Amino acid sequence: MKILYLLRVGLISFEFLILCICYLLITEVNTTTNNFIKELNLNAQVSDYLIFLPMALFVWITKELNELIFSEKENCKTLVNWPDYWQLKMHVYISIFYGVVFCVLSTVAWFSKNWFSSSFSLVAFSTSCIGLLIVAGSIYFAKMSVIEIINKE
């Protein structure tokens, strides 16, 4: 049952939808993105610093997940004794997984030959930023809900 829940959480998510859209854009809509890139003029210095955005988001995500699970000692005890704690752990694992996938995607885009001048690198980088923002938002709202549940008791 836990494996089915893990698959459901992983495959029925906005993160998975973003990855599917990325695949569609890279494979099917390549000419449209190439036309968009020709009109996009990015400063070289901006693109050098822009690559750090996904990594910074991933660091924030891991920090927030650490605080979510291992906050205060009393809250940690309450969470571990919670009957649905395993579901929270599954969501944490999936968030870390998608965070790593999006970081790898942005790194692959960065190491491509023409950083921000090929459709693949632009789509991959944009996908990684949007995906990490979705993961970060989900974690932020989950943290709010957990704090609300703990303080209610």
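## Helix 2 and helix 7

Helix 2 (residues 14–27) and helix 7 (residues 85–111) are roughly parallel to each other, since angles under 35 degrees count as roughly parallel and those over 145 as roughly antiparallel. In this predicted model, the two pack at an angle of about 25°, with axes 11 Å apart. Axes are lines fitted to C-alpha atoms, for helices over the stretch in contact, and angles run from 0 to 180 degrees between N-to-C directions. Helices are DSSP runs (H or I, at least four residues), numbered from the N terminus.

The crossing of helix 2 and helix 7 is left-handed, that is, the near helix is turned anticlockwise from the far one by less than a right angle. Helix 2 contributes Glu-15, Phe-16, Ile-18, Leu-19 and Cys-22 to the contact, and helix 7 contributes Tyr-98, Val-101, Phe-102 and Leu-105; contact means heavy atoms within 4.5 Å. By class, 8 of these residues are nonpolar, none polar and 1 charged. Ala, Val, Leu, Ile, Met, Phe, Trp, Tyr, Cys and Pro count as nonpolar, Asp, Glu, Lys and Arg as charged, and the others, Gly among them, as polar.

## Helix 7 and helix 8

Helix 7 also packs against helix 8 (residues 119–152), at an angle of about 160° and with axes 8 Å apart. This pair is therefore roughly antiparallel, and its crossing is left-handed. Residues in the contact include Tyr-98, Gly-99, Phe-102 and Cys-103 of helix 7, and Ala-124, Phe-125, Gly-131 and Leu-132 of helix 8. The contact of helix 7 with helix 8 has 14 nonpolar, 7 polar and no charged residues.

## Glu-64

Glu-64 lies in helix 5 (residues 52–69). At 7% relative accessibility, Glu-64 is buried (under 20% relative accessible area; exposed is over 50%, partly exposed in between; 1.4 Å probe, protein chains only). Leaving out residues up to four places away in sequence, Glu-64 touches Ile-139 and Lys-143.

## Cysteines

The whole structure has 0 disulfides, a disulfide being a pair of cysteine sulfur atoms within 2.5 Å. For Cys-20, the nearest cysteine sulfur is that of Cys-22, 9.7 Å away. Cys-20 is partly exposed, at 36% relative accessible area.

Cys-129 is likewise in no disulfide, and the nearest cysteine sulfur, that of Cys-103, is 9.6 Å away. Cys-129 is buried, at 10% relative accessibility.

## Basis of the values

Residues are numbered from 1 along each chain as its sequence is written, and side-chain values use heavy atoms, leaving out hydrogens and water. Local features need pLDDT of at least 70 and side-chain atom pairs count only at pLDDT 80 or more, while totals for chains, interfaces and linings use all residues.

Key: Angles under 35 degrees count as roughly parallel, over 145 as roughly antiparallel, 65 to 115 as roughly perpendicular and the rest as oblique.
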